[in-house]
Amino acid sequence: MAGILDLLNSDLGKTIISGVSGSTGQDAGKTSSVLTMALPVLMKAMERNASTPEGAEGLMGALKKHDGGILDNLGGLFGGGVDETVKQDGAGILGHILGNKQQGVEKVIGEKSGMDTGSVGNILKVAAPILMGVLGQQSRQSNVSNSADLGGLLGGLLGGNETKNEQSFLEKILDADGDGSVIDDVAGMVLGQATKGKGGIAGLLGGLFGK
């Protein structure tokens, strides 16, 4: 199974990046940076939420609603400007996945991408329903029917072979409390990882941060 960052490098991913960029009025390069950082964090948060029976049940219910249909008409989604109901859905998804960590996560990603927190939030509101659509489509194709299957799906899309440093990076962003103190730690850790030539999420993010 391809990872979530492989998706961003695919033709579908390029369509998503250019559509999200156009609909939020943000630079495509910065939008790509935000999504490359944010999607693994959202997936990690979902994996964490799905580790409880209630969380897994809630996520499986949400994935039935987000069945991947949104991916069938991205041209229509982005064509006339993203519909307000899609953004409202995105805001609800982010609130559910990230809870009280949302502001801290958006702040850290904003600092690292050179974008203000509000713009990061707007990008994530549009991207969240698309991410749920990708997960819904994958869960349907993989016949996900229980929490173990769901954990396997999320782990697979995260790359499945994350190093401890990558795990720690994602956990650290999720534990950001919005005071900014986490940013230097995260940057130092990720840049340190990148200079060792590591692959995976940390290498990709390190490359971005090193720009």
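Start by selecting residues 28-49, which form helix H3. Helix H3 has 22 residues and spans 31 Å from its first C-alpha to its last, close to the 32 Å expected at 1.5 Å a residue. That expected span is 1.5 Å times one less than the number of residues. Helices here are DSSP runs (H or I, at least four residues), as are strands (E, at least two), numbered from the N terminus.

Before you move on, a word on the model: it is predicted, so local features need pLDDT of at least 70 and side-chain atom pairs count only at pLDDT 80 or more, while totals for chains, interfaces and linings use all residues. Residues are numbered from 1 along each chain as its sequence is written, and side-chain values use heavy atoms, with hydrogens and water left out.

Now show Asp27 and Gly29 at the start of H3. A side-chain oxygen of Asp27 comes within 3.0 Å of the backbone nitrogen of Gly29.

Next, select Ser21, which lies in helix H2 (residues 11-24). Is Ser21 buried or exposed? Ser21 is buried, because its relative accessible area is 9%; buried means under 20%, exposed over 50% and partly exposed in between (1.4 Å probe, protein chains only). Which residues does Ser21 touch? Leaving out residues up to four places away in sequence, Ser21 touches Gln26, Asp27, Ala28 and Thr31, where contact means heavy atoms within 4.5 Å. A polar atom of the Ser21 side chain also lies 3.5 Å from the backbone nitrogen of Ala28.

Select Leu7, Leu8, Ile16, Leu35, Leu39, Ala127, Ile130, Leu131 and Val134, which line the largest cavity. A cavity is a set of points on a 1 Å grid over the protein atoms alone where a 1.4 Å probe fits but cannot get out, and lining residues have an atom within 4 Å of a point. The largest cavity holds about 70 Å³ of space, and the count is one cavity of 30 Å³ or more. Colour helix H1 (4-9), H3 and helix H8 (117-141): each supplies at least two lining residues. H8 gives the most, with four.

Finally, zoom out to the whole protein chain. You will find 12 helices and zero strands. Buried residues make up 47% of the 211 residues. Among contacts with a separation of 6 or more, 76% are between residues 24 or more positions apart.

Conventions: A polar contact is a pair of N or O atoms within 3.5 Å; within protein, one must be able to donate a hydrogen and the other to accept it, and residues adjacent in sequence count only if both atoms are side-chain atoms. On a 1 Å grid over the protein atoms alone, a cavity is a set of points where a 1.4 Å probe fits but cannot get out, and a pocket is an open set with protein on both sides within 12 Å along at least five of seven lines; lining residues have an atom within 4 Å of a point. Grid points are joined across faces, edges and corners, and a volume is the space filled by probe spheres set on the points.
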